[in-house]
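Please read the points below with the sequence and the model open beside you.

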Amino acid sequence: KHHVDQELQSDSCAARVLSRVFPEQKQLAASVAAFLKDLPNATAETITPPPQTYVEKLAATATGIVNDPISRHPTTQQRYDNLRQIQSDIIGKPPAKRP
């Protein structure tokens, strides 16, 4: 089972490995920028009201079985924010907001 923090840590480790390949800050920042560019667009999270009836509760349970593994992965926005923070640490500037 994966958890959000593990995957965000793997992005951070990838940047650390890249820092050995690209010892110059500009090259490293450019490689992290390539990661950022390739992330899919963030999707808006939908809020579902809690189930009220027995049938709705059964349906929510079935949906949970399918969706719970997905919820253990970071969202695109979480990955973007993490990589932007890494990039800002590299170049010494505060991270910019996502366009």
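Is Y54 exposed or buried?

1. Y54 is exposed, at a relative accessible area of 62%. Here buried means under 20% relative accessible area, exposed means over 50%, and partly exposed lies in between (1.4 Å probe, protein chains only). Y54 sits in helix α3. Together with V55 and L58, Y54 makes a nonpolar surface patch of about 360 Å². Such patches take residues with over 30% relative accessible area and no salt bridge; like charges are joined within 9 Å, and nonpolar side chains (Val, Leu, Ile, Met, Phe, Trp, Tyr) within 5 Å. Areas are computed by the Shrake-Rupley method with a 1.4 Å probe, and for residues only the protein chains shown count as cover.

2. On sources: this is a predicted model, in which local features need pLDDT of at least 70 and side-chain atom pairs count only at pLDDT 80 or more, while totals for chains, interfaces and linings use all residues. Residues are numbered from 1 along each chain as its sequence is written, and side-chain values use heavy atoms, with hydrogens and water left out.

3. On confidence: pLDDT is the predictor's confidence in each residue, from 0 to 100. Its mean over the protein chain is 77, and 78% of the residues reach 70 or more. Helix α2 (residues 25–38) has the highest confidence, at 83, and helix α3 (residues 54–71) the lowest, at a mean of 76.

4. On the overall layout: the protein chain has 4 helices and 0 strands, in the order α-α-α-α along the sequence. Helices (H or I, at least four residues) and strands (E, at least two) are DSSP runs, numbered from the N terminus. Of the 99 residues, 22% count as buried.

5. On α2: this helix has 14 residues and spans 20 Å from its first C-alpha to its last, close to the expected 20 Å at 1.5 Å a residue. The expected span is 1.5 Å times one less than the number of residues. L28, A29, S31, V32 and L36 are buried in α2. Seen down the axis of α2, these buried residues fall within an arc of 160°, so they line one face of the helix. The arc is taken from the directions between the helix axis and the C-beta atoms. K26, K37 and D38 are exposed on the other side of α2.

6. On the salt bridge: the structure holds 1. The term means a side-chain nitrogen of Lys or Arg within 4 Å of a carboxyl oxygen of Asp or Glu. Its partners are the side chains of D11 and R79, at 2.8 Å, N to O. D11 belongs to helix α1 (residues 4–21) and R79 to helix α4 (residues 76–91), so the pair ties together parts that are 68 residues apart in sequence. D11 is buried, at 9% relative accessibility, whereas R79 is partly exposed, at 25%.

7. On α4: its 16 residues reach 22 Å from first C-alpha to last, close to the 22 Å expected. Its buried residues include Y80, L83, I86 and I90. Q85 is also in α4 and is partly exposed, at 37% relative accessibility. The C-alpha atoms of Q85 and S12 are 9.7 Å apart, although the two are 73 residues apart along the chain. Just after α4, G92 has a positive phi of about 75°.
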